[in-house]
Amino acid sequence: MLCACQTVGAFVRPQSHEPNTTVEQEPWFSSKQVDETRKIQSGFVLVLSGGGARGFAHIGVLKALEEHGLEPSLVVGTSAGAVVAAYWGLGYTADQMLDRARQLRNSDLFAPVLPSFGQPLLPGELGLFSGQALESQLRLDFGTQLIERLKRPVAIVATDLESGKPVVFNAGDVARAVRASSTIPGFFTPPSIQGRMYIDGQASSPLPILPAQQLSNLPIVAVDVVYPPALAEVKTLSDLLFQTFLISSFRIKELEMPQAEVLISPQLNNVGQLGLRDLDWVYQSGYRIAAANINKVSAAVHGNRLQVPVIVGSSRE
């Protein structure tokens, strides 16, 4: 659910943006839920960025926090960070998330579809892969659970395809919200939610610190694993499309970074895209950087609010 796109499997039916599961409530933004999260007066907000398979590092950071008794009061995630946030909200420990990730195969996530080229006699779709594959995997664990009924408070950030603005989902169907947040434009077919299409949260808020500030006044610990464009390996058309997406999201991320009390940036200096095979070393990178600097994290979230963020690791690879 966190890895780079690869072409596998047979083509699936058209219109995979259409929901194939009846849900109790579509994802939406709830002012009532904001009131509830703002009532929490202690702890900190953990913000998890997008980053594809680099998002496995988020699980490592959570493991280090768990070992030192630092539990977030709220987790806000974009894209890969949204996946981890949702499983945290469900009550999963870091070890349980790791075990779940190890069960995944590429064919579980990437079901090719016929892309739309504007030909009326050959209708296609707005992507290379069906977004239903990720949603189906999520439903194995979440069913039709609602965000507001999870064991722990979370919020998922996606991008409204029409307005281009970030949208916070803090209520409604978990699986569809996470799918929306993880829909890389041009690669996965975007879901339709209440008559509007949504794409990856990285397009508008790759490190969703500003959305988190709308939900809580608590200190923010942010984990940045957004792909640096400088590490890209552009050899194919899909590489080129993904690189253009990364360039814009990386610049947007830099505008949000200064708003965090602590910014954790695991050292992931690989060239090119990562996949499921990279799970363990990426996880360990997140764990090591957080564990080695846990005192800085603890001091920041328990001490006075800071004017500039404590930066752990390199955020400008």
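Begin with helix α6: its buried residues pack against α3 (80–90), α4 (94–102), α5 (106–109) and α7, where contact means heavy atoms within 4.5 Å. Helices here are DSSP runs of H or I with at least four residues, strands are E runs of at least two, and both are numbered from the N terminus. Before you go on, note that this is a predicted model: local features need pLDDT of at least 70, side-chain atom pairs count only at pLDDT 80 or more, and totals for chains, interfaces and linings use all residues. Residues are numbered from 1 along each chain as its sequence is written, and side-chain values use heavy atoms, with hydrogens and water left out.

Now select residues 132–142, which make up α6. Because eight of its eleven residues are buried, α6 is largely enclosed by the rest of the structure. Buried means under 20% relative accessible area, exposed over 50%, and partly exposed in between, using a 1.4 Å probe and protein chains only. Colour the buried ones: Q132, A133, L134, E135, Q137, L138, R139 and F142. Just past the helix, click on G143, which takes a positive phi of about 60°.

Next stop, strand β7, residues 220–223. Which residues cover its two faces? I220 and A222 sit on one side, V221 and V223 on the other, and all of them are buried. In a regular strand the side chains alternate between the two faces of the sheet.

Bring in the neighbours of β7. Strand β1 (residues 45–48) runs parallel to β7, joined by four bridges; strands pair if DSSP finds at least two bridges between them. V45 has I220 as its bridge partner in β7. Strand β8 (residues 262–265) is also parallel to β7, with three bridges, and I264 in β8 stands opposite V223. To get from β7 to β8, follow the chain through helix α9 (residues 237–256); this β-α-β crossover is right-handed, meaning that with the strands pointing away from the viewer, the path from the first strand over the helix to the second runs clockwise.

Time to show the nonpolar side chains. A nonpolar core is a set of buried Ala, Val, Leu, Ile, Met, Phe, Trp, Tyr and Cys residues joined through side-chain atoms within 4.5 Å. The largest one has 72 residues, and L46, F169 and I264 touch the most other members. Helix α3 gives the most to this core, with eight residues. Zoom in on L46 and, beyond four places in sequence, you'll find it touching L62, L65, P72, L74, V75, V76, V221 and V223. Another core, of 18 residues, lies apart from it, and among its members are V157, V168, A212 and A222.

Now pick S181, in helix α7 (residues 174–181). Is S181 buried or exposed? With 0% relative accessibility, S181 counts as buried. A polar atom of its side chain lies 2.7 Å from the backbone nitrogen of S79.

Finish at G51, in the loop between β1 and α2 (56–67). G51 has a relative accessible area of 1%, so it is buried. Draw a distance to V225: the two C-alpha atoms are 5.3 Å apart, although 174 residues separate them along the chain. Beyond four places in sequence, G51 also has A80, Q202, V226 and Y227 among its contacts.

Zoom out for the whole protein: eleven helices and nine strands, with 57% of the 317 residues buried.

Note on methods: Polar contact = N/O pair within 3.5 Å; in protein donor to acceptor, adjacent residues only side chain to side chain.
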